[in-house]
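Colleague: I have the model open and would like to learn how to read its features. Please take them in turn, with the general idea before the case.

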Amino acid sequence: MAAIISSTFLSASLLLLCLLSASRKGCVAFEQPELAAETHHHNLQVSSLLPSSVCNPSKAVDKKSPSLTVIHKHGPCSQLRPNSDAPTHAEILLHDQARVNSIHSRLARTLNNVKETAATRIPAKDGSVVGSGNYIVTVGLGTPKKDLSLIFDTGSDLTWTQCQPCARYCYRQKEPIFNPSQSKSYLNISCSSSICGSLSSATGNPPGCSSSTCVYAIQYGDSSFSVGLFGKERLTLTSTDIFDNFLFGCGENNQGLFGGAAGLLGLGRNKLSFPSQTAQKYNKVFSYCLPSSASSTGYLSFGNSDISNSVKFTPLVTLSGGASFYGVGITGISVGGKRLPISSSVFATAGTIIDSGTVITRLPTTAYSALKTAFRQGMSKYPMGKALSILDTCYDLSSYNSFSIPKISISFSGGVEVEIALAGILYVNSPSQVCLAFAGNNDDSNVGILGNVQQKTLQVVYDGANGRVGFATGGCS
Ligand SMILES: *[C@@H]1O[C@H](CO)[C@@H](O)[C@H](O)[C@H]1NC(C)=O
């Protein structure tokens with residue numbers, strides 16, 4: 001009898017809580033505490049956080065689309081350079097901040113200087129920063145084709161590789177440096193060609209001219225750069241997908257943090273980008289999956305034949321002054337199954353881009369602060385550890401065998417909710433420094449960036465033709 005009364009009383013108070021609670025989700029969580037604990041947390045072993053030192057390539061899945069294997073620049077699957085050369089996590093995060101600063105200044109400059117630019121044509125000096133946490137694919141260039149490992153970058157447009165005769169400087173790279181004079185299909189672009197002029201919008205710098213050959217220059221915010229001849233060449237993705245006259249930069253003066261990669265594959269939205277140049281075949285559709293760890297592999301595929309049925313799409317947004325970037329509309333964040341109390345105007349103020357080259361997601365100050373508070377509450381039984389560079393919410397799990405963390409999901413306009421994989425929540429330096437892999441912008445007016453850690457294991461689809469970006473969970477391991 002007493003039990004019945006108290007359970008009725010409990011139901012009544014739950015109902016009251018539900019009525020008072022603004023979010024229905026919070027209400028559901030109250031009703032089913034056991035279920036909530038299971039479905040709203042990841043439970044795992046501390047030992048599973050440590051990276052493997054051997055490469056475990058993902059099993060090849062039969063793909064209909066032409067597909068390239070994606071590897072992390074610094075992991076054991078990359079043979080770009082000795083592992084002893086790899087940067088520390090603190091260095092990676094520092095370079096990541098340089099990339100973010102340069103994206104912010106690129107967008108802010110265009111916003112603030114609209115009048116000035118029209119009158120004086122100040123070239124934007126900052127391009128995107130190559131940064132450190134980047135992913136590599138291998139493509140073939142020239143006839144006969146030479147394999148080259150390129151960093152793929154949705155935040156920039158021009159594809160380039162180092163070229164002989166390295167008139168000024170070439171940094172060390174894994175493969176032999178491409179030599180256009182040994183290829184039957186290489187052609188220079190002449191200065192008088194209209195396509196030469198399109199370099200301005202793709203690189204932020206007007207073209208130069210050297211003995212009537214068009215010269216490009218692209219400068220990245222961390223003072224990396226590539227300068228050289230603008231040419232066209234046969235680009236081979238797979239034996240069936242070959243593109244003649246692909247416009248690219250043949251870099252004879254190159255410096256920076258490319259970490260042994262031969263150059264960059266530009267996947268942005270400008271007309272010189274790879275998706276634009278191959279639009280006839282792939283209709284500006286590509287997708288990738290970034291592996292959960294640097295000791296595994298993912299894929300980059302082109303065209304729409306391998307897009308998972310479970311992909312959910314959100315509209316692509318074009319940010320003012322950021323026509324090359326893929327903008328998306330974040331509407332909310334949930335931690336442990338509960339929607340954070342963040343007004344959607346917080347995300348709408350500056351907007352968000354999705355970027356393959358930024359490591360850590362940057363949120364508006366207000367949104368990050370709400371996320372951090374909720375995550376810390378969910379982790380309150382674990383001792384905090386030292387901050388790691390830009391990551392201020394770290395835990396010392398060295399005395400635990402197993403632990404549990406709240407799940408995080410991000411909602412996008414169009415009613416799309418994407419659960420971030422476990423590998424997308426934590427950035428692990430060591431068991432005593434396991435950090436929440438998100439950071440806040442300094443200012444709510446800076447654009448938010450959905451970084452590559454949070455994209456891990458998702459199939460991310462860029463559909464430039466239909467103006468949408470899609471996500472499906474479980475794209476790779
Ligand atoms: C391209 O232009 C450069 C510089 O003008 C020249 O040295 C080179 O021979 C040209 N290559 C071809 C294939 O025309």
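Colleague: Is strand β16 (residues 322–328) enclosed or open to solvent?

Modeller: Burial is read from relative accessible area: under 20% is buried, over 50% exposed, and in between partly exposed, using a 1.4 Å probe and protein chains only. Strands and helices here are DSSP runs numbered from the N terminus, with at least two residues (E) for a strand and at least four (H or I) for a helix. In β16, six of the seven residues are buried, so the strand is largely enclosed by the rest of the structure. Bear in mind that this is a predicted model: local features need pLDDT of at least 70, side-chain atom pairs count only at pLDDT 80 or more, and totals for chains, interfaces and linings use all residues. Residues are numbered from 1 along each chain as its sequence is written, and side-chain values use heavy atoms, with hydrogens and water left out.

Colleague: Which strands pair with β16, and in what sense?

Modeller: Strands of a sheet pair through backbone hydrogen bonds, either parallel or antiparallel. The criterion for a pair is at least two bridges found by DSSP between the strands. Strand β15 (residues 317–319) pairs with β16 over two bridges, in the antiparallel sense, and L319 stands opposite G322. Two residues separate β15 and β16 in a hairpin, and G321 in the turn has a positive phi of about 80°. Strand β19 (residues 352–354) is also antiparallel to β16, over three bridges; there V328 stands opposite T352.

Colleague: What is the strand order in the open sheet of three strands?

Modeller: The order is β21-β26-β25, with antiparallel pairing. β21 and β25 (426–430) are the edge strands, each pairing on one side only. Between β25 and β26 (residues 433–436) there are four bridges, and L426 faces L436 across that pair, standing opposite it.

Colleague: Now a helix. How many residues has α11, and what span does it reach?

Modeller: The expected span is 1.5 Å times one less than the number of residues. α11 has 14 residues and reaches 20 Å from first C-alpha to last, close to the 20 Å expected.

Colleague: Which residues of α11 are buried?

Modeller: They are A367, Y368, A370, L371, A374 and F375. Viewed down the axis of α11, these buried residues fall within an arc of 160°, so they line one face of the helix. The arc is taken from the directions from the helix axis to the C-beta atoms.

Colleague: How many aromatic pairs are there in the whole structure?

Modeller: A pair of aromatic rings is described by the distance of the centres and the angle of the planes. Rings of Phe, Tyr and Trp (its six-membered ring) pair if their centres lie within 6.5 Å; planes under 30 degrees apart are stacked, over 60 edge-to-face, and the rest tilted. The search finds 19 such pairs. One of them, Y382 with Y400, is edge-to-face, at 5.0 Å centre to centre and 75° between the planes. Y382 is in the loop between α11 (365–378) and β21 (394–395), and Y400 in the loop between β21 and β22 (402–406), so the pair ties together parts 18 residues apart in sequence. Y382 is buried at 7% relative accessible area, whereas Y400 is partly exposed at 28%.

Colleague: Which charges lie over a ring face?

Modeller: The test is that NZ of Lys or CZ of Arg is within 6 Å of the ring centre and within 35 degrees of the ring normal. R269 lies over the face of Y326, 5.8 Å from the ring centre. R468 lies over F313 at 3.6 Å. Y326 also belongs to an aromatic cluster whose members include F152, F243 and Y462.

Colleague: Last, how many salt bridges does the search find?

Modeller: Side chains of opposite charge can pair when their charged atoms come close. The cut-off is a side-chain nitrogen of Lys or Arg within 4 Å of a carboxyl oxygen of Asp or Glu. The search finds ten. Among them is R234 with D244, whose closest N and O atoms are 2.7 Å apart. R234 is in strand β9 (residues 225–238) and D244 in strand β10 (residues 241–255), ten residues apart. Another joins D241 and K281 at 3.7 Å; D241 lies in β10 and K281 in helix α9 (residues 279–282), so parts 40 residues apart in sequence are tied together. D241 is buried at 6%, while K281 is partly exposed at 46%.
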